[in-house]
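I opened the notebook to record what I looked up, entry by entry. The structure comes below.

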Amino acid sequence: MVKKLLSLLSLCLFMAGAAFGQSGSLTGKVTDKSSGEALPGVNIFIPGLQRGAATDAQGKYTIDDIDYGTYTVRATYVGYKTYKKKITINQQTTTLNIQITSQTEKLNDVVVTAYGLTRQERSLTSSVQEVKGDQLAEAGNSDLVSSLAGKVAGVQIIGSPGSAIGGTSKIRIRGESGLSQSSPLIVVDGTPISNQSFSSQGRDLGNLAQDLNLDDIESVSVLKGAAAAAMYGNRAAGGVIVIKTKGGSVGERPFEVKYSNTTSVSQVSTLPNYQNKYAGGGTSSFIPYTPDGQLLDLQNGQYYIDKTGQPYNGQVDNALDYATDESWGPEMKGQMFRPWWSWYHADFTGDGKDDYGTSIPLEPHPNNVKNFYDNGVQETNSISISGGASNSSYRVTVKDANQQGVIPNSKLDKWYLDFNGSLAHSDKLTSKLSFNYVNTQSQGRPAQGYSPLPGNPTQSFNQWFHRNLDMSKLRQYQLPDGTYDTWNIISPSNPNPLYWNNPYFDVYQNVPHEDRDRFYGTYSLTYELTPNLQVAGKIHGDVYKFKTDDRVASGGLNQDWYATTNRDRREMNYEGSIQYQRDFNDWSVKGFLGGNYRDQTYNRVSQSTVGGLSVPNLYNISASSDRPNVSGYTQNKKVESVYGTVNLGYQDMVYADVTLRNDWSSALPQNNNSYLYYGFSGSFVFTELPIFQKQNILSFGKLRASYSQVGNDLSPYQIASTYNVQTPRGSNPALAVPNTRPNPNLKAAIKTDTELGLDLRFLKGRFRVDGTWYQSVSKNEILNLQVSPASGYSQALINAGKFTKKGVELQVNGTPVQNKDWNLDLTLNWSKTLSNKVNALDPRLTSRLLEKPTYFIGGSVIGLYAREGETWGKIIAPGYKRVNGQPEVASSGYFKGTFAEDPTVDHGTILPDWNGGFRANLSYKNFSFTAFLDFQKGGKFYSLTKLWNNYSGLGAETVGSNPLGNPIRDDVVDANGNVVSSVEMQNAGSNSGGVYVKGVDANGNAVEYLTNPKVYYLAQFYNKEQYIYDASYIKLRTVKLTYSLPTSLIAKTPLSGIDVSLFANDPLLIYATKMDLDPSIIQNHGNGFGWWEGGTVPGTRTFGATVNLTF
Amino acid sequence: MKNLLTTTLAAILLMAGCGKFGSTNVDPNSPSQARTDLLMTQAERSVGTYAGDVDGTLYTQYFAETYYTDASRYSSSHYDFGGWYDGPLEDLQTIIDLNSNPDTKSASYVLAGGSNANQLAVANILKAYYFHTMTDRWGPIPYSEALKGGDNYTPAYDSQKSIYMDLISKLKAAVNNMASGPGVTGDYIFNGDMGMWTKFANTLRARIALRMSEVDPSTAETEFKAAYNDGLITEDVMYPYLSDDNNDNPWQDRFQTRTDYAITKFMADTMKSLGDQRVLKYADPAEDLDNGDGVTQMNEIVGMPYGLSKDDAAAISYTAVSFPGHAIRSSTSPLPVMTMAEVNFMLAEATQRGWISTGTTAAQYYQMGIKASMQQWGTYDAATFANYMSQSEVAYDPANWKQKIGFQKWLALFPQGYESWSEWRRLGYPVLTPAPAGAISQIPVRQGYPESESELNSDSYNKAVDMLGGNDNLTTNLWWDK
């Protein structure tokens, strides 16, 4: 290994050289070819000498001390075509005046690649796609990952709903494969930063990349395949996101101030379609009570008090079935009834009188759920100061972003301080410092999922609720005596909650908090040994401290409770590198050799009370009634790495890269902890060939190919057997054998990528098409393999499997309109998975469970699986039983499911067939208009919201008319007028209600039934197929209008620029299978593959304005 | 300059070139050696889980679901057994392995649990107890090839018959191989009393033997007699819950915020009509009928009809029915594991069948069983007992012994749902009516395997289903259930 590296290095050294002799100077002026204007700041460079100069304000330049000889002179300038000319220096002063031609498209874009090495885009040998910072932060976006949606071909984002304020966005680069979730490595100015997601009690606490300040990002490069990523080693198997932050510029304006304010308002956008015809409860009739809450029994037209059996002749009140948290109640027709609040002694109507005993008309409240949510308000203020002197530059940003969520009492505040500075100590020695501090504090971030302890009002609204409830009455969740009320009372005589607190109790009393300090940054020292050779030492740090707490308040449904977790993590990387770069006449050479030492530690202490709080609402672990649960965890991992790359270029036409890396990981077995991998890639700019020079249609064309590997290891402590400490039983401590079997023989996993690409640009770059084909083969993945628990273990850690995915990616850019006033830019990103196969698992297994939704009911299950020989990521669940392809209807009038005989029906993969984004930017003079949408075709997801919505009689699908023209909620009656739970259509009474169910019987004969909707939707609960939906969607993500004030208007102010924007974020879901369910925001918890939703809080749309001032 | 270059290079290579991390990868959070007494404590906890489990109490109609009636309507076909294997059984297997392996058996962390012989005995007895509860639910299960870790991830299923035979021999061996001297530690059920473990093992053998009465009467007789002669329990074995919320009675947790279960109408009506005072312990007053004096009375108890559709169940208010009694659902209420009542009913049956002859008649054992049960629940007094026994529905009748013993055993096993369900399957009494809104039209006689087995252990699973006669469902009779 060391030998190989040394020989690599000597190659670099060999190429360094020197020349000497007589000398002269080169001088001249650079002008724009069309206008003749002098151009300042143009780079004049002589590659053979590795020396150059820049033109002054008059466009003049001089390069002294040039040894006599013949050289290529190159002039480069942003927005202009590169100029090249051979010239011989054989006198004291040689004059070379240069005219350069502007180009509409920047054919010479510089892209940041691994280790911050910038490369001309033309020289790239693999697929790297860059997004500029201004496109990320547009429209008030604050999260890096979600802002990438649709902007990079081959990247899929599974976002979380806006009302989760800062919930996790999950990123998939080139789909998902293997058995564990891959997530890309995020590197900011060379510093790898954690993007872990956290959740607590069903609350999605977001992914840590949200700590990045988007306003400070200059560009984001997405390295998709192993070729681009291999340099980053064992965490790059899922791709790398390389971020370059903004800095000041040496010699720029010494002092520039930018101020920006964005203010926006959010509102709930997607909610399920509810029915507004039937009230809450489990029975369609009212229940008779005495006005003081005694149940009555009606027999032969006479009321009796149920409890005592005494006849009763007084006033009879209509009560609802408050205890049943569903909406199968009476039709809402204005009948007088006793609402839940009329069973409490308190004033709910504001007339100063006790409302106990009040009857009101039973009427729909179609907007009750919507009314629960507030308008969210976001305000961001950011000020940045930048500048530079001849030997230094700096940029400081202070930013404050406050967000009030749409869920009452929820908020998220972030505060940033970022510094970027560089100082040239001498010609050769340069220091750079980047420092970023972020504080995040939140309150009341909502719980999601099925049964979170602190309660989830949204889950209740969509799954367990009464459609007749009036939010304005619920708002008063506390009674004068300090106790709490709820709509879901056990009975009129016992108004305690049965399943649900008042939703306002949950949001105002069960208030969780988070507080996180995050610091990341880097210091580097670079020394230029020769103009061609520099060495650098760097220290990178990423540190956070994260405290979360959860509460269940005293006095509600659940036992009061307090839990808190403190986490801290530190990752330090110490890096040394040598970089060599030299351009010869025809050849260019770059070499990079580095070593890195990574040391990461993580600590977690979790504490929670047991048996309630000894003092009500004392949220401290010391208030635990029983022995509290306390657990601690600490982790340390070290990785050592050596890596190098050589890039060769010939005549700006052919490029070749070789990359080599070796890692040593402390998490692998001591004797097998070293692993080596490599990459080869090349590109060919065929338009440099003479035959392309005489045309001006195809301006640029490049072919690229690569073959490379990247290794992957695992978290520490997984190779040796240990035992899990359990909660003690009284004074007896306890230990258990873990359910995962460790493996002392693990080795690193290797992923191999092959990639071919074609980049074509037409009409001076006004149109561009860039296509990539890739194949990625993962072998010997380190897997927690699900095994039969009868082995004594439910999971086994093994190296196994082979997974192959293939796909294509396409980027199309065009500028169809371009003139003095008008400009129209269009961009399309598109990618398609051609195949994603599970070629092999372990020989002992043919199928592996990847994830199950977490919700309470057993019996009938649904899961995400990798099955050998099949496409990755199948949803496997019971389905409709079919006869000749038609769904079979049981004689009980509902679709027969396969759950009893075959619960393992294949419902397809969760991965989309294709997805992408489309962006249009139209500018006219000082106005600029941007619209951006993203889309996805195919892929499956599972909705528990829809399932429960129907099960509980809340959904719009549970009302309406059947083919007989009768309301489906009316009694199902047969021809004799008997009420039945289902009836065949031909035997139904003409006034029969019921859901119309059409299918075939066991023999394949067509049958039609009318079925009681409650019975029908209960049966559908077991039949998962109905609630597995296609995840296709088209979503308008951003609309933005910007006006930049003309400089003439502000010439007399201290301002040098003002622009104002109006924007809308996520304004419209244009298409989805179920328009009331947004497939792009189904991520409802921090982890998992993002393929099912349930108890998910609603999406939001945001409207706002931004003002940017530059001084 | 050259020096600087060389130094830098050397530094890089020196830094990265070795890959020696010392103890970095030693887990500081979890011990690498297991004190076997701590494993034993953990393994015993599942006895409490089983004693407080729900599903059996529904099949056998002790309890009815008040609104979410899915389980009472037999809607679930498949039940997970994974938690038994990777939970207590694997912990017990580890105790057995550590006490058998010559490299570890003398280690201090192993001897912390007591002598090798006694630890092996207790671990094997508990293992047999768990396996027996499992085979009576699913029938054939992974047994002889189970718990082998990485050596076998796809263990075969054994027939119930072979499991039964092996359980008996394992229990005999466990008792025979016990050592004198101190008992095991970490055992909070019998506190290391090896005499109690011996009796428990013998009684379990008797229970297993009796279960074979219909399918293999001669083995049943031989083994029952042997177990009886070795000595059965002489006091109730109860699982002790603590007030601590982490270790308390599971029914207490179920009723902490919900009201999902009520006593069945069938049980309430039957007991009330017989004046069976135990019902005052089995059930609490219905809220609507509670006179609030803090004492449960017969006329305050109302049962919930079993197995209704959700629609029909919704029509019955939570306040109109009786929830399970506080005697079984306070945080520290102990739950029965094996009782003297059961022992006496076993002896009554064995005497009736002519397997044993002790001088006590079947009728006497039967009466002792009822008395033991009433004593267990604290409702015994001589006068009411005599009164109770005098009723024709109660009085022993040798001609209808299965009906008599079946019915009284059902009452006495409350709330051991699964054990009661097994005895109902074997004896056929009491006559229970299947859920009127059932997903199937009979009471289940078996539970289906977890779905994951057909994915993860498919060959073995398919063979097991063949063993069952082709169907993995709720209606296939087990081997002993003829």
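Entry 1. I wrote down one cut-off before starting: a residue is called buried when its relative accessible area is under 20%, and exposed when that area is over 50%. I also noted that this is a predicted model.

Entry 2. I looked up B:Leu147. Is B:Leu147 buried or exposed? Its relative accessible area is 7%, so B:Leu147 is buried. I found this residue in the loop of chain B between strand 2 (141–142) and strand 3 (157–158).

Entry 3. Most residues other than glycine have a negative phi, and most peptide bonds are trans.

Entry 4. I then turned to A:Asn884, which is not a glycine and yet has a positive phi of about 50°. It sits in the loop between strand 52 (882–883) and strand 53 (886–887) of chain A. The relative accessible area of A:Asn884 is 69%, so this residue is exposed.

Entry 5. I looked for cis peptide bonds in chain B. One runs from B:Phe414 to B:Pro415, with omega near -10°. I placed B:Pro415 in the loop between helix 18 (401–413) and helix 19 (417–427) of chain B. Another cis bond runs from B:Tyr429 to B:Pro430, and its omega is near -5°. B:Pro430 belongs to the loop between helix 19 and helix 20 (451–456) of chain B.

Entry 6. How much area do chain A and chain B bury between them? I noted about 8,100 Å², with 58% of it on carbon and sulfur atoms. Of the area that chain A buries against chain B, 10% is supplied by A:Tyr723, A:Arg729 and A:Leu735, more than by any other three residues. I also wrote down that 111 residues of chain A and 87 residues of chain B take part in the contact.

Entry 7. I searched the interface of chain A and chain B for salt bridges and recorded one. A:Glu326 pairs with B:Lys310 in a salt bridge, and their closest N and O atoms are 2.9 Å apart.

Entry 8. I asked which element of chain A gives the largest share of the side that touches chain B. It is strand 38 (residues 624–650), with 13 residues. By class, I listed 52 nonpolar, 44 polar and 15 charged residues on the side of chain A that touches chain B.

How values were computed: Residues are numbered from 1 along each chain as its sequence is written. Chains are lettered from A and ligands numbered from 1 in the order in which they are written. This is a predicted model: local features need pLDDT of at least 70, side-chain atom pairs count only at pLDDT 80 or more; totals for chains, interfaces and linings use all residues. Side-chain values use heavy atoms; hydrogens and water are left out. Contact means heavy atoms within 4.5 Å. Buried area is the accessible area (1.4 Å probe) that two parts lose on being put together, summed over both. A salt bridge is a side-chain nitrogen of Lys or Arg within 4 Å of a carboxyl oxygen of Asp or Glu. Helices (H or I, at least four residues) and strands (E, at least two) are DSSP runs, numbered from the N terminus. Ala, Val, Leu, Ile, Met, Phe, Trp, Tyr, Cys and Pro count as nonpolar, Asp, Glu, Lys and Arg as charged, and the others, Gly among them, as polar. Buried means under 20% relative accessible area, exposed over 50%, partly exposed in between (1.4 Å probe, protein chains only).
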